[in-house]
Amino acid sequence: MFSGSIPALITPFRNGSFAEDVFRDFVEWQIGEGSSALVPVGTTGEAATLSKDEHFEVVRVCADQVRGRVPVIAGAGSNDTRVAIGNVKAAREAGADAVLMVPPYYNRPSQEGIFRHFEAVAAECDLPIILYNVPARTATDIHPETVIRIVQAFPGKFVAIKDASGDLARVSKHRAALRSGFAQLSGNDETALAFNAMGGVGCISVAANVAPKLCAQFQAAWAEGNTAIALALHDRLFALHLALFTDASPGPVKYAVNKLRPEISAELRLPMVAPNEASKAAVDAAMKAAGII
């Protein structure tokens, strides 16, 4: 169910409000370009600055536009276990097929606390859950032993992980214990090739907002065993992967999407601000090098 190129979608704004019309068009474009699933209201979707009503309205609109053609994976994490449980239930009501969930952030729970958090969520919720490990943002790291414990304790509930730890050895550690039935997805575009070589099956991608067809072709080439093509596409996209993080995300990716699709504003919500000029120049150069503009 979860593999290939999966964009972590931006949330477009217009004069401070969710721009539903252009978001629907953006979702349609993503499907047409070959994205294999969609993630609304993740980090790239500025979930941290959306109200709860806005958050699940974005999920509802995404699911309504998708109409079952690809899975919709809603961001649903919280540092409050009760809120996380409520988020999963709200995501289900909004039409999501699965949820993406970080461990509790800021609180910095122990590994036992992380396990108990996901245990409580699993007990109350009936959507498939994709673990999302991104220690650089959450200050909380789900250690491989804890990932394995969580997945084994609740068969069929935790179906995948988006791993943005940057530690490629974890792919093999997870795979050795969990084998088939648990999908490992890279959370970093620039190492997605190496991640797949270690046993991953795709990427929840920022770059796919800008280059959905190329990202989909890259993942398809790898899955089909066309490693030379996959490497060539990796090389073509590599500068873009780096450029999209030359300033605080999602500033650079919203700038890039606006360059490509001017009807989608680069507007952000505070405390996020527009990328600096050096970042814009890097994005421009990378998009040209990839043949996107």
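Where does UniProt place the feature "active site"? I found it at Y132 and K162, in an unreviewed entry. UniProt positions follow the numbering used here, feature names are shortened, and annotations may be inferred rather than shown by experiment. I noted that the two positions are spread over 31 residues of sequence, yet cluster in space, with a largest C-alpha distance of 4.7 Å. From this set, the lining of the largest pocket takes in Y132. I took a pocket as an open set of points, on a 1 Å grid over the protein atoms alone, where a 1.4 Å probe fits, with protein on both sides within 12 Å along at least five of seven lines; lining residues have an atom within 4 Å of a point.

**Basis of the entries.** I worked from a predicted model, in which local features need pLDDT of at least 70 and side-chain atom pairs count only at pLDDT 80 or more, while totals for chains, interfaces and linings use all residues. Residues are numbered from 1 along each chain as its sequence is written, and side-chain values use heavy atoms, with hydrogens and water left out.

**Y132.** I located Y132 in strand β6; strands are DSSP runs of E of at least two residues, helices runs of H or I of at least four, numbered from the N terminus. Y132 is buried, at a relative accessible area of 8%, where buried means under 20% with a 1.4 Å probe and protein chains only. Leaving aside residues up to four places away in sequence, its contacts include T43, L100, I142 and K162; contact means heavy atoms within 4.5 Å.

**K162.** I located K162 in strand β7. K162 also counts as buried, at 6% relative accessibility. Among the residues that K162 touches are Y132, L185, S186 and I204.

**Strand β6.** I then asked how many of the residues of β6 (residues 129–133) are buried. The count is 5 of the 5, so the strand is largely enclosed by the rest of the structure. I129, L131 and N133 lie on one side of β6, I130 and Y132 on the other, and both faces are covered.

**Neighbours of β6.** I recorded 5 bridges between β6 and the parallel strand β7 (residues 158–163), with Y132 opposite K162. Two strands pair if DSSP finds at least two bridges between them. Strand β5 (residues 98–101) also pairs with β6 in the parallel sense, over 3 bridges, and V99 has I129 as its bridge partner. Together with helix α4 (residues 111–124), β5 and β6 make a right-handed β-α-β unit: with the strands pointing away from the viewer, the path from the first strand over the helix to the second runs clockwise.

Key: Buried < 20%, exposed > 50% of the residue type's maximum accessible area, 1.4 Å probe, protein only.
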